[in-house]
Amino acid sequence: MLVIGIAGGSGSGKTTVVKAITERIGKRAVVIPQDSYYRDCSSLPEEEKRVHNFDHPDAIEWELLCEHLKALKRGGSIEQPVYSYLTCGRTEETVKVEPADVVIIEGILIFTCKELMDQMDIKLFVDADDDDRLMRVMARDIAERGKDVYWVIERYSRTVKPMYLQFINPSKRYADIIIPQGGHNKVAVDVIIATIEKALQGNA
């Protein structure tokens, strides 16, 4: 099993890179999003939910994520949580994930957890200009998470940018490969996919 970590700031293009890899590798890969492991905050008052910091390492239940990855490496299946940004909590449903040749762990903070990093074979950091990331975050949060432009800008200024500078950008030093220009760097993505395919052939 090949474990690949893909980190980078919000809106950097991580999903684009993940999609490019999974389209080439197909069913041999499964994706474990860090976002599924946010701690349940559904019991918080609405005002506290509004200012909840999703970009701090303490927001993630790393213990469960690490245990789930270990279970997959042992050949077992896991019940991956499903997180709702609308309620700031986990839903009653889970997603059953079976082990695969390639496990991709994707998320902004995954290089801040040493126990998780120690289980990775390849660590990628997707880099992008701040302005580009803000535009993508704004488009995503409005379209997919029911937020308005004022909420997005407030959150970006209050938590997204400060947490990026404090935790996410410094974690770039742990990456084996840094992908500049976000997920649209086709040359870098093609090189990474070729590396993965070569590793899979060696393990065949």
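**Close-up 1. Contacts of Met120 in a predicted model.** Leaving aside neighbours within four places in sequence, Met120 is in contact (heavy atoms within 4.5 Å) with Val3, Gly5, Ile105, Ile110 and Phe111. Residues are numbered from 1 along each chain as its sequence is written, and side-chain values use heavy atoms, with hydrogens and water left out. In this predicted model, local features need pLDDT of at least 70 and side-chain atom pairs count only at pLDDT 80 or more, while totals for chains, interfaces and linings use all residues.

**Close-up 2. The largest nonpolar core.** A nonpolar core is a set of buried Ala, Val, Leu, Ile, Met, Phe, Trp, Tyr and Cys residues joined through side-chain atoms within 4.5 Å; buried means under 20% relative accessible area (1.4 Å probe, protein chains only). Helices (H or I, at least four residues) and strands (E, at least two) are DSSP runs, numbered from the N terminus. The largest share, 6 residues, comes from α3. Apart from this core lies another, of 20 residues, among them Ala29, Ile104, Leu124 and Ile192.

**Close-up 3. The largest pocket.** Its volume is about 800 Å³, taken as the space filled by probe spheres set on grid points joined across faces, edges and corners. A pocket is an open set of points on a 1 Å grid over the protein atoms alone, where a 1.4 Å probe fits, with protein on both sides within 12 Å along at least five of seven lines; lining residues have an atom within 4 Å of a point. The lining counts 33 residues, and Asp35, Tyr85, Arg140, Glu144 and Arg145 lie nearest the centre. By class, 12 are nonpolar, 7 polar and 14 charged. α5 gives the largest share, 6 residues.

**Close-up 4. An aromatic cluster of Tyr38, Phe54, Tyr83 and Tyr85.** Rings of Phe, Tyr and Trp (its six-membered ring) pair if their centres lie within 6.5 Å; planes over 60 degrees apart count as edge-to-face. The rings of Tyr38 and Tyr85 have centres 6.1 Å apart and planes at 75 degrees, so this pair is edge-to-face. Tyr38 sits in the loop between β2 and α2, Tyr85 in the loop between β3 and β4 (89-97), 47 residues apart. Tyr38 is buried at 3% relative accessibility, and Tyr85 at 18%. Tyr83 and Tyr85 are also edge-to-face, with centres 5.6 Å apart and planes at 80 degrees.

Methods
Buried means under 20% relative accessible area, exposed over 50%, partly exposed in between (1.4 Å probe, protein chains only). Ala, Val, Leu, Ile, Met, Phe, Trp, Tyr, Cys and Pro count as nonpolar, Asp, Glu, Lys and Arg as charged, and the others, Gly among them, as polar. Rings of Phe, Tyr and Trp (its six-membered ring) pair if their centres lie within 6.5 Å; planes under 30 degrees apart count as stacked, over 60 as edge-to-face and the rest as tilted.
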